[in-house]
Amino acid sequence: MVLSGLFVLGGGAVGCGSAGDPAEPDPRKVNTDVEPLERRFRAIGRLSDPHWLGYNPNDSGREWIPDQDPRIRVVGVARLPAGAVKTIVGKRAYAFEPSVPAHTPEELAEFLPEGAEWVGSVGYDKHITRSLYTGRFHFSVATDHVYFDTINPEIVSASPPPQ
């Protein structure tokens, strides 16, 4: 949602229309608030220790008129309770396969867990997004982490279980 040039995710501003204004929040500042993520990715489960960015990748900061149709990228990593990832990727209906997060912002590199062997599933991505927005979700059983990369993530009602 756009309000006076600010993108609002869960009540907190995460991007701005004027990158040079020191009174505006830095759109490339790493966020650690878990509540906006849990509201959007409810079907994944309880998240902790999140590190994420929410910004318009098409905004150069030079325009004086705010983007009327921003594509807000919400990308980051969070921990799930012990064993939760194993339960998620163990569901055969989703056919998880090895995957690698693409285009990880440099601001997040230090927060990616060492030893993570990422897996992903297009079917699981659709389960989370309900096909209402674009999103990729990668999981590491070894570290109980999820890496998410989404565009304009919406709050969706509870997702149905896999068939």
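I began with a definition: a nonpolar core is a set of buried Ala, Val, Leu, Ile, Met, Phe, Trp, Tyr and Cys residues joined through side-chain atoms within 4.5 Å. Buried means under 20% relative accessible area, exposed means over 50%, and partly exposed lies in between (1.4 Å probe, protein chains only).

I noted that the model is predicted, so that local features need pLDDT of at least 70 and side-chain atom pairs count only at pLDDT 80 or more, while totals for chains, interfaces and linings use all residues. Residues are numbered from 1 along each chain as its sequence is written, and side-chain values use heavy atoms, with hydrogens and water left out.

**Entry 1: the cores**

I looked up the largest nonpolar core and found 23 residues in it. Those with the most contacts inside this core are F41, I44, F96, Y124, F137, F139 and V146. Strand 5, helix 2 (84–89), helix 3 (122–129), strand 8 (134–140) and strand 9 each supply at least two of its residues. I recorded that helices (H or I, at least four residues) and strands (E, at least two) are DSSP runs, numbered from the N terminus. Helix 2 gives the largest share of this core, 3 residues. Another core, of 8 residues, lies apart from it and includes L53, V75, A116 and Y147. In soluble globular proteins, nonpolar side chains tend to be buried together.

I then listed the contacts of F137 (contact means heavy atoms within 4.5 Å). Leaving aside neighbours within four places in sequence, F137 touches, among others, F41, I44, V119, I128, V146 and F148.

I traced an open sheet of 6 strands, in the order 4-5-9-8-7-6, with antiparallel pairing. Two strands pair if DSSP finds at least two bridges between them. Strand 4 (48–55) and strand 6 are the edge strands, each pairing on one side only. Strand 4 joins strand 5 in the antiparallel sense over 6 bridges, and H51 stands opposite V77 in strand 5.

I also saw that helix 3 lies across strand 7 and strand 8, at about 120 degrees to strand 8. For such angles, axes are lines fitted to C-alpha atoms, for helices over the stretch in contact, and the values run from 0 to 180 degrees between N-to-C directions.

**Entry 2: the salt bridges**

How many salt bridges does the structure hold? I found 4, a salt bridge being a side-chain nitrogen of Lys or Arg within 4 Å of a carboxyl oxygen of Asp or Glu.

R73 forms one with D149, the closest N and O atoms being 2.7 Å apart. R73 lies in strand 5 (residues 73–79) and D149 in strand 9 (residues 145–151), so this pair ties together parts 76 residues apart in sequence. Are R73 and D149 buried or exposed? Both are buried.

E107 and R28 also meet in a salt bridge (3.0 Å, N to O). E107 is in the loop between strand 6 (97–98) and strand 7 (118–120), and R28 is in the loop between strand 3 (12–15) and helix 1 (35–40), 79 residues apart. E107 is partly exposed at 22%, and R28 is partly exposed at 31%.

E35 and R39 form another salt bridge (3.4 Å, N to O). They are 4 residues apart in helix 1, so about one helical turn separates them.

**Entry 3: E114**

I located E114 in the loop between strand 6 and strand 7. E114 is exposed, with a relative accessible area of 77%. Its C-alpha atom is separated by 8.2 Å from that of T143, 29 residues apart along the chain.
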